[in-house]
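Thanks for passing this one along.

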Amino acid sequence: MTDILILTGAGISAESGLGTFRDKDGLWTRYDLNEVATPEGFSRNPALVHDFYNARRANCLAAAPNPAHDALARLQSRHAGRVTLVTQNVDDLHERGGARDVLHMHGALSGALCHDCGARWPAPAVMDPLSPCPDCHRPTTRPDIVWFGEMPYHMEAIQDALLRADLFVAIGTSGNVYPAAGFVSEARAAGIATLELNLEPSDTVGQFDTVRTGPASQIVPDWVEEVLTS
Ligand code: OAD
């Protein structure tokens, strides 16, 4: 019985119509990440940052899970070992595909956070920088997204699951952003088998034991089927 830790990135949601960050025409070719994905950018221009994430939230609401999200949910419910699903994605397509207990290390578009008092509540479809926090009533609301320079969420739970796992699988992530990009080397150091599933080899491809390339909607269901029938 193998315990599996899966890390997903923007590539798993690409075929659902959500843009990736670093591919040709990716979000970071059209937006300056320093302006829309840092606490400093938010202090300079909260309206711009809210506009950026309001557009992401609208895209997410209009999108649907694809066969890769569905396959991972199937794996979670049918595999005899533990399947921990960690995502860098702020969309909810894993959950809408049926996955449980997804660890959103970079936060979620569905959440709102008070920059001042730390209160959390469900985000409305359109967030407004002037709308007050329901707890402290100050106009200091932000999307509950982890920005560059901030500490990702659930790191302790992820580290525990990583060190307990027999297999680490990275799906649709370019291996550019730490700490997630470092999970493969931590897994290797702990003697855990590693597999990359990606459209093209990522920047950390050399660190994986096994690599399979192709669109997530095909290679993820194929791999899941193999695991469930092995
Ligand atoms: P990237 O945009 O950096 O990488 C997307 C990866 O998905 C690339 O390796 C592509 O080859 C792959 N890909 C594209 N289409 C695919 C498909 N159909 N099937 C399989 N793979 C495909 O996105 P991430 O690695 O997720 O953080 O980016 C990591 C973090 O950087 C994000 O969470 C975000 C971003 O800045 C923050 O905003 C804090």
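1. Let me begin at the ligand. One of its oxygen atoms is 3.2 Å from a polar backbone atom of Q88. Please keep in mind as you read on that this is a predicted model.

2. Side chains reach the ligand as well. A polar side-chain atom of S174 sits 2.6 Å from an oxygen atom of the ligand, and a polar side-chain atom of E15 is 3.0 Å from a nitrogen atom of the ligand. As for cover, the ligand on its own has 790 Å² of accessible area, and the protein covers 94% of that.

3. Which residues come nearest to the ligand? Of the 23 residues around it, they are F21, R22, W28, T173 and S174. By class, the shell around the ligand holds ten nonpolar, ten polar and three charged residues.

4. Twelve residues of domain 1 and ten residues of domain 2 take part in the contact between them.

5. Why does the ligand lie between the two domains? Domain 1 and domain 2 both give residues to the shell around the ligand, so the ligand lies between them.

6. On the domain 1 side, A10, V90 and Y153 supply 44% of the area buried against domain 2, more than any other three residues.

7. How many salt bridges are there between domain 1 and domain 2? The count is zero. Polar contacts between the domains come to three residue pairs, with both residues at pLDDT 80 or more. The side of domain 1 that touches domain 2 is made up of five nonpolar, four polar and three charged residues.

Note on methods:
Residues are numbered from 1 along each chain as its sequence is written. This is a predicted model: local features need pLDDT of at least 70, side-chain atom pairs count only at pLDDT 80 or more; totals for chains, interfaces and linings use all residues. Side-chain values use heavy atoms; hydrogens and water are left out. Contact means heavy atoms within 4.5 Å. Buried area is the accessible area (1.4 Å probe) that two parts lose on being put together, summed over both. A salt bridge is a side-chain nitrogen of Lys or Arg within 4 Å of a carboxyl oxygen of Asp or Glu. A polar contact is a pair of N or O atoms within 3.5 Å; within protein, one must be able to donate a hydrogen and the other to accept it, and residues adjacent in sequence count only if both atoms are side-chain atoms. Ala, Val, Leu, Ile, Met, Phe, Trp, Tyr, Cys and Pro count as nonpolar, Asp, Glu, Lys and Arg as charged, and the others, Gly among them, as polar. A residue is near a molecule or strand if one of its heavy atoms lies within 4 Å of it. Accessible areas come from the Shrake-Rupley method with a 1.4 Å probe; for residues, only the protein chains shown count as cover. Domain bounds come from an automatic or database domain assignment.
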